[in-house]
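This report is written for a reader who meets the structure for the first time. The sequence and the model are shown below.

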Amino acid sequence: MTAGERGPEGVGTAPDLELRQLRYFAAVAEAGTVTEAARRLRIAQPSLSQQIRKLERRVGAPLFRRLPHGMEPTESGRLLLAGVQQALAVLGSALDAARAVPVTAAVGVCRGVPGDVLERAERLLTAPGPLRPVYEQADSAHQPELLRTGALAYGVLRAPLADTAGLELRVLGDEPLGVVLPGRHPLAGRTELTWSDLTGRRLLWFPERRAPGYASAVLTRLAEHGWRPAAVVEDSGSHTLFRHALLGHDDLVALRTRSAVGADAGLVWRPVGPRPPRERLLLAAAARTPWSRRLAGVPDGGPGPR
């Protein structure tokens, strides 16, 4: 031990002081009594008195004069109080700065999510505080496990899911599917289509392994309406190739939501009925995690009835 140091109860160059005790000390100094400080801190008076005595032993000097009607800082107490107030202010500013730094979160996104749905997801995720989403493509079928293992913070995926155990889910979008056709197609001149209009048409479809629950739900609904189309699977996920396939075959149609088609001048979207299948997009996070806690105040949403 050097000449400038003291023992465990001494001041030393780096005294072993607890932040909690310093906050308690400042509260007593500002309140003027242990009783009032304990009330403000919402702790028991004996516990607060004990912590002040421990702090005095650590500092190695009395910090208060015990008066009949209160507590008055000693000279040592006034010097310590000035430093504590300054330190707490600096710490508060540092905490504010730390909280203002956006948290980076990996967000899995299934293919074909409309831009407005993704924007809605980002607004919901950033509303509770700064967050920097980093998007990566991930099939709906794989996202639940990636969320549960922590490889993803959030997921944007299609319902229904085979296994939702351990997940917090919010609805982002719920829209009916309609028929997508080339603008020059004979059916494009109709304002609304029926299932019988699609007899003999093939369906431009996606690999069902990406979202098996969604694929099964849609095909089951089509079968209920008497349409069991031959499927032409387009595996790239590219809108350019999707568009090329539709424009090249008059007997080929696709099922998409209106918002997923966008403003493609070469394609048209037509509602089909009755009771069209729907696309339900979800925002998901693993339950009981900091990520899911950001969703606590997020209501289910999305256009259209559910």
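The text takes up pockets, aromatic rings, the nonpolar core and some backbone details in turn.

The model is predicted: local features need pLDDT of at least 70, side-chain atom pairs count only at pLDDT 80 or more, and totals for chains, interfaces and linings use all residues. Residues are numbered from 1 along each chain as its sequence is written, and side-chain values use heavy atoms, with hydrogens and water left out.

## Pockets

A pocket is an open set of points on a 1 Å grid over the protein atoms alone, where a 1.4 Å probe fits and protein lies on both sides within 12 Å along at least five of seven lines; lining residues have an atom within 4 Å of a point. The volume is the space filled by probe spheres set on the points, which are joined across faces, edges and corners. Helices (H or I, at least four residues) and strands (E, at least two) are DSSP runs, numbered from the N terminus.

The largest pocket holds about 520 Å³ of space. Its lining has 27 residues, and R111, G112, R158, F206 and R256 are the closest to its centre. Two or more lining residues come from each of β9 (202–205), α8 (239–248) and β11 (252–256). With 3 residues, β11 gives the most.

The second largest pocket has about 200 Å³ of space. Among the residues that line this pocket are A159, P160, Y214, R221 and R278. At least two lining residues are supplied by each of α7 (212–224) and β14 (278–286), and α7 gives the most, with 4 residues.

## Aromatic rings

Rings of Phe, Tyr and Trp (its six-membered ring) pair if their centres lie within 6.5 Å; planes under 30 degrees apart count as stacked, over 60 as edge-to-face and the rest as tilted. The count comes to 5 aromatic pairs. One of them joins Y154 and W291, edge-to-face, at 5.7 Å centre to centre with 75° between the planes. This pair links distant parts of the chain, as Y154 is in strand β5 (residues 154–159) and W291 in helix α10 (residues 290–294), 137 residues apart.

For accessibility, buried means under 20% relative accessible area, exposed over 50% and partly exposed in between (1.4 Å probe, protein chains only). Y154 is buried at 0%, whereas W291 is partly exposed at 25%.

The ring centres of W195 and W227 are 6.4 Å apart with planes at 35°, so this pair is tilted. W195 lies in the loop between β8 (193–194) and β9, and W227 in the loop between α7 and β10 (231–233), so the pair ties together parts 32 residues apart in sequence. W195 is buried at 5%, and W227 is buried at 5%.

W205, F206 and Y214 form one aromatic cluster. A charge sits over a ring if NZ of Lys or CZ of Arg is within 6 Å of the ring centre and within 35 degrees of the ring normal. R158 lies over the face of Y214, at 5.7 Å from the ring centre. R256 lies over the face of F242, where the distance to the ring centre is 3.8 Å.

## Nonpolar core

A nonpolar core is a set of buried Ala, Val, Leu, Ile, Met, Phe, Trp, Tyr and Cys residues joined through side-chain atoms within 4.5 Å. The largest core has 22 residues, and F25, V28, L48 and F64 have the most contacts inside it. The elements α1 (19–31), α2 (34–41), α3 (45–59) and α4 (75–100) each give two or more residues to this core. Its largest share, 8 residues, comes from α1.

## Backbone details

A cis peptide bond joins A159 and P160, with omega about 0°; P160 is in the loop between β5 and β6 (167–176). Another cis peptide bond joins G273 and P274, with omega about 5°.

P274 is in the loop between β13 (272–273) and β14, and R275 also lies in the loop between β13 and β14. R275 is not a glycine but has a positive phi of about 50°. R288, also not a glycine, has a positive phi of about 55°. R288 lies in the loop between β14 and α10 and is exposed, with a relative accessible area of 73%.
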